[in-house]
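Have the 3D view ready as you read.

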Amino acid sequence: MKRLLKGGRVVDPANGIDGVRDILIEGERIARVASNLPADGATVVEIPDGLVICPGFIDMHVHLREPGQEHKETVATGTASAVAGGFTAVACMPNTNPVNDNANVTTYILNKAREANLARVYPIGAVSRGSHGELLADIADMRNAGCVAITDDGHPVKTAILLRRALEYAGMFGMPVIEHCEDPSLKGDAVAHEGYYAASLGLRGMPGACEALGVERGVLLAELTGSSFHVAHMSARASLRAVRKAKEAGVHVTCEVAPHHFTLTDEALAAPVAYDTNTKMNPPLREAADRDAMLDGISDGSVDAIATDHAPHHYDEKKVEYDRAPFGIVGLETAVPLSLDRLVHAGLIRLPRLVELMSTNPARILRVPGGSLAEGAPADITIIAPDLRVRVQAAAMRSRSKNTPFDGWELRGGVAATVVGGRTLFVNPDASVGI
Amino acid sequence: MSPHATVHDIDRRPAITSLRSKDLLGISDLTPDEITLILDTADAMKEIASRPIKKVPALRGKTVVNLFFEPSTRTRTSFEIAEKRLSADTLNIAIATSSVVKGETLADTALNLEAMHPDMIVLRHSSSGACHLLSRICRSAIINAGDGMHEHPTQALLDAFTIRERKRQLNGLKVAIIGDLLHSRVLRSNILLLTRMGADVWVCGPPTLMPADIRRFGVTATSSIEAAVTGADVIMLLRIQLERMEGAYFPSLREYFNVFGMSEARMQLAKPDVMIMHPGPMNRGVEIASEVADGPYSVILDQVANGVAVRMAVLYLLAGGAEHEEAA
């Protein structure tokens with residue numbers, strides 16, 4: 001089956017394209033990208049003005065919760081949420097139950113992904129067995145089963161020596177080590193960012209230095225080992241400073257920022273609803289200077305990727321006292337609207353840079369297919385509607401969980417359609433694209 | 001019974017006769033007029049304690065639940081006496097006897113109580129914001145009797161009442177609050193109330209026990225107890241919990257007393273008519289010397305006595321004040 005996407009603006013920084021092109025899809029792959037392609041037997045899909053065709057967005061940091069926490073999310077509901085949010089692929093964290101620290105769990109997740117047959121799923125394995133921080137997990141086995149990176153996410157790798165070994169060992173396969181950067185003793189039992197709002201609400205706070213210490217440890221060991229180190233969900237300005245310095249020194253370090261960290265500050269703990277547990281995540285919403293630093297890093301190129309840290313939790317788990325609620329919010333279905341509204345329409349970046357952050361760079365960091373509309377590449381395509389008016393409705397989300405602080409927000413920019421391997425898996429009825 | 005004050009206050013008479021909110025979650029929700037209204041109402045309530053029959057019918061037919069998830073003697077007793085003096089039907093639920101030990105959530109506990117139609121729930125809980133959670137799901141009036149490290153509004157109100165009784169007004173007074181600032185809900189409520197009423201608030205403690213960005217609360221922060229108490233009209237000590245030593249906030253209780261303890265010598269730096277206050281329970285010889293606690297400047301037991309009057313005022317006003325009485 002052949003389809004010709006005709007007359008849309010194509011933004012594909014991997015191939016230096018930003019202009020009107022036609023895209024011919026043959027089966028699962030992109031056959032041609034050029035101006036004025038003839039229909040030649042293909043079904044012609046006219047792309048309406050104002051829509052933008054991008055290589056499929058890749059969320060390199062999600063929690064799909066399966067196996068073990070299916071009441072929060074499953075691979076099927078999580079990947080449904082992904083395609084509704086414009087993501088053609090997600091990389092899922094290993095803190096399932098059991099932990100993804102061996103090839104059996106990796107295979108289980110990939111089987112579930114095949115059954116769901118929605119967004120592509122790239123499992124990320126644990127650094128250590130059970131993520132306990134003592135013995136290395138079966139890294140080569142997991143890689144052979146399909147894992148693309150390793151992390152003990154949820155927590156930092158327990159010791160510097162284990163992180164060093166992980167970097168050395170994973171480096172042998174060219175796999176990055178993704179780190180939840182945090183000094184556990186500085187974190188203590190904190191539930192919020194240490195600052196005015198936590199102090200006035202009586203919540204225990206962790207400072208930005210808590211995260212930055214973890215970043216500094218990681219970049220030093222990345223320098224020592226020569227391996228690739230990726231900073232997950234960066235939130236503190238001191239962390240960004242450490243990443244910039246390391247990049248200048250030639251260390252193989254990359255970093256991601258979550259939409260909530262470039263959108264919200266710790267003021268959200270107090271208002272509009274005080275102690276809303278959907279403002280509780282780790283790392284926490286930080287003060288305005290940190291949020292502004294994340295925006296700077298996104299616009300100046302220091303930040304490599306936008307990743308959601310999609311962390312579904314059941315409403316029972318969030319409808320408790322603030323300090324007892326689990327950390328995390330869902331993010332797959334709000335990332336594109338927040339990024340378009342807060343980054344592109346705010347004038348901080350232009351669309352090609354957004355595509356780098358959400359597609360090209362995640363593919364490059366994880367060394368997975370995608371991130372490009374090259375001829376012969378898988379036909380993973382995200383079509384966005386940058387001017388669409390979007391109203392976030394938690395209740396309408398595809399994710400099994402609705403824990404978002406953005407319910408009711410009105411944003412400019414949304415997803416028009418999501419195509420994975422040539423199959424159209426999501427069409428937004430509000431965006432009038434007949435794909 | 002009239003809610004109007006008859007005694008010696010010269011603070012501006014409030015232009016209001018009721019509170020806006022159905023709940024008392026914290027001082028942060030109160031305007032200066034509302035604070036003055038509560039204190040004036042407490043003046044009238046205090047008189048009841050001197051009668052031979054210490055009971056008025058103001059809350060007759062109202063049900064008040066005292067829901068305490070943390071051990072408390074002073075606050076729970078004070079609320080219960082206040083409720084009984086106003087003729088409310090009261091019941092006490094303490095954590096040991098509640099279904100929380102069976103794994104029920106706070107929200108479910110509250111909704112089950114709510115189903116029995118109480119009028120007010122007085123909540124003490126170790127989690128900051130627990131009262132806000134209840135307020136969102138309950139129709140009953142929620143009164144915060146201390147939530148985590150957040151607020152303890154009736155304590156700040158009784159402190160203000162006690163100060164006003166002696167000093168006639170709060171505006172312009174230098175109030176020094178000394179001790180574990182980081183973990184204290186009494187501190188937060190007192191800062192909010194005293195700064196709102198025009199007092200010059202100084203807070204003092206080791207930097208390890210200072211909340212982040214404390215100056216944004218409109219106070220002067222110092223680790224010099226001498227600077228804090230010099231010229232003070234009021235000195236308020238906060239409890240130092242023994243387990244803070246294990247958290248390495250300071251080296252030892254002895255050293256804490258040497259650096260931050262309220263001794264008779266340090267008291268000499270304050271105004272001659274200084275008031276010494278402590279919300280209790282006290283650690284004698286840690287944050288306060290016994291000679292100071294038991295001395296002529298101490299109003300610590302007055303605070304306890306006034307707690308009943310202030311809590312009566314809060315209960316009375318949240319029940320609808322004079323309007324409710326007329327309807328009954």
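Which residues do ring pairs link into a cluster? They are Tyr196(A), Tyr197(A) and Phe217(B). Keep in mind that this is a predicted model, where local features need pLDDT of at least 70, side-chain atom pairs count only at pLDDT 80 or more, and totals for chains, interfaces and linings use all residues. Side-chain values use heavy atoms, with hydrogens and water left out.

**Ring pairs**
- Over all chains, you'll find 8 aromatic pairs (rings of Phe, Tyr and Trp, using its six-membered ring, with centres within 6.5 Å; planes under 30 degrees apart are stacked, over 60 edge-to-face, the rest tilted).
- Tyr196(A) and Tyr197(A) have ring centres 5.1 Å apart and planes at 80 degrees, so they pair edge-to-face.
- Phe406(A) and Trp409(A) are edge-to-face too, because their planes are at 85 degrees, with centres 4.8 Å apart.
- Phe406(A) is buried, at 1% relative accessibility, while Trp409(A), at 23%, is partly exposed (buried is under 20% relative accessible area, exposed over 50%, partly exposed in between, with a 1.4 Å probe and protein chains only).

**Charges over rings**
- Lys174(B) has its charged end over the ring of Trp202(B), 3.9 Å from the centre (NZ of Lys or CZ of Arg must be within 6 Å of the ring centre and within 35 degrees of the ring normal).
- Over the face of Phe327(A) lies Lys280(A), 4.8 Å from the ring centre.

**Nonpolar cores**
- The largest nonpolar core has 73 residues, and those touching the most other members include Phe229(A) and Leu354(A) (a core joins buried Ala, Val, Leu, Ile, Met, Phe, Trp, Tyr and Cys through side-chain atoms within 4.5 Å).
- A separate second core of 71 residues includes Ile48(B) and Met312(B).

Key
Residues numbered from 1 in each chain as written. Chains lettered and ligands numbered in written order.
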